[in-house]
Amino acid sequence: MSHPAPRSPTEDAPDRGGPAPRRVTRALTQSEEHPLAQASRLSSRFRLARPVEVHDFPEKGNINQHTYLVFAGTPKAQEYLLQRINERVFTRPRSVMRAMIASIEAQRAAMAAARLTPGDEWDTITLLDTRGGEPYLDVESHRGYSCWRLMVKIPDSRTYKSLGAIADPAERLRVAGEAGRGLALYGDLTCAMRTDDLENPLPGYRDTRLYYKQLRSVLAGCRTPEEAGALLPSDPEVRQSTEEHFLVHLEEPEYRRRMDDPEFRPWIDLVRSEEAFGISLLEAMESRRIRRLAIHGDTKLDNFLFSTRTGRVKALVDLDTIMPHTWLADWGDMVRSLVNVAGEKERDLSRVQVDMDVFRAVARGFLSTARRVTPAEVALMADAPQIIALELGLRFLTDYLRGDSYFKLGPADPPDLNRARAMAQLQLFQRLRELADEARRFVEDLQAQFPAATPAEA
């Protein structure tokens, strides 16, 4: 249902001296149209059975806010998810869709080649074509274009927001192990994807060198691109997307206060001293000691789907951040988030601890399943969570010093939120480093128990 178009004064009543004029209406713009009415109208442009009902989807994520639950067909309606890609975040939505489609096709091809072990279950996202035969819908407006996609809602599945939401300790470890299996399955199924024409959907994302250059620019107090100079990216698209994050946006007194904070200064020094370690994954890729693959890019727990029948992992969804990198970045990000007992906003740093039982569960799940990893990559599995924790701590820290231009604060957020996030993440980095030898020994034992593929096979 759409709202009626506004009428002009001449439409209110006919001239009594002549024939009634024809009523003139106009199409509502996207900003004027009710969201559910817009979603219902757009869903009719896909190859859906009738009748169709559209509802809001309460489990939408933080990025793609325009997500709707669609019921189509009779007598038993099929469930779909209609979603608009947030072009403010993903400035190249068509590129996002190309990578998503490539990932789906790679998973299906690998499953058709019997790459799944008997007993494993795995589902891929299914995109429904538009009535014009396209895999997604381009909608043009005066503001540009937007991309909409309609996906079959994977049945008999559930998600977990966090391990902390699971009350039973044994069940927490089982789910952690299944998440490890899920990452291994996804990596095995997609490792043949081409990366030479794969664009990063978020220019500059996961480029630790870039983040360190931003820090150097902010520490130097640069406020204009001219002052940042050679620190700015040479790639024009990366520069356009990231230039503001090289610059200080605070008034000088507040900038100096944040810079000279005696409690915060040691964390700045820590980040600067660890630059060589922070870029070591990038260097390993550049030297070809480890492979550059098409990775998922956002391996938080609630992107894994688990079967409601068996409890086993069955899919990895949210395919918007597929990018060329090492799978160790996905591994490191997943482990970093899962083992963090206190969470990312904890202000009492004594509570920031690492749950090694969770680490062992995730590592066992991954290495008992992975068949397309190399020994050189496995040797870095203890380092990767440290590197990603350091990288995220660096990003929070730099953002706080320049004025919160990237991790923007909401109306209810405290002004020092990114300061707290930086300190918690860097404390996690230190805890992970303290336990690195223990983690490395456990991975080595698992590697002997579950031999991975040789470099030639991988």
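Me: Where is the place of T299?

Reply: First, this is a predicted model, in which local features need pLDDT of at least 70, side-chain atom pairs count only at pLDDT 80 or more, and totals for chains, interfaces and linings use all residues. Residues are numbered from 1 along each chain as its sequence is written, and side-chain values use heavy atoms, with hydrogens and water left out. Helices (H or I, at least four residues) and strands (E, at least two) are DSSP runs, numbered from the N terminus. T299 sits in the loop between β7 (293–295) and β8 (304–307).

Me: Is T299 buried or exposed?

Reply: Buried means under 20% relative accessible area, exposed over 50%, and partly exposed in between (1.4 Å probe, protein chains only). T299 has 1% relative accessibility, so T299 counts as buried.

Me: Which backbone oxygen lies 2.8 Å from a polar atom of the T299 side chain?

Reply: Contact means heavy atoms within 4.5 Å. Leaving out residues up to four places away in sequence, T299 touches L183, F304, D330, D333 and M334. The backbone oxygen at 2.8 Å from the T299 side chain belongs to D330.

Me: Why does N200 count as buried?

Reply: N200 lies in the loop between α3 (169–190) and α4. Beyond its neighbours within four places in sequence, N200 is in contact with R92, Y205 and M323. N200 is buried because its relative accessible area is 17%.

Me: Which backbone oxygen does the side chain of N200 reach, at 3.2 Å?

Reply: The N200 side chain also reaches a backbone nitrogen, that of L202, at 2.9 Å. The backbone oxygen, at 3.2 Å, is that of Y205.

Me: At roughly what angle do the axes of α4 and α14 cross?

Reply: Axes are lines fitted to C-alpha atoms, for helices over the stretch in contact, and angles run from 0 to 180 degrees between N-to-C directions. Helix α4 covers residues 208–219 and helix α14 covers residues 383–402. Their axes come within 10 Å and cross at roughly 30°.

Me: How do the residues of the contact of α4 with α14 divide?

Reply: The contact is made by residues including Y211, L215 and V218 of α4 and L390, L394 and L401 of α14. Ala, Val, Leu, Ile, Met, Phe, Trp, Tyr, Cys and Pro count as nonpolar, Asp, Glu, Lys and Arg as charged, and the others, Gly among them, as polar. The residues divide into 9 nonpolar, 3 polar and 3 charged.

Me: How many helices and strands does the protein have?

Reply: Buried residues make up 50% of the 458 residues. The secondary structure comes to 16 helices and 10 strands.

Conventions. A polar contact is a pair of N or O atoms within 3.5 Å; within protein, one must be able to donate a hydrogen and the other to accept it, and residues adjacent in sequence count only if both atoms are side-chain atoms.
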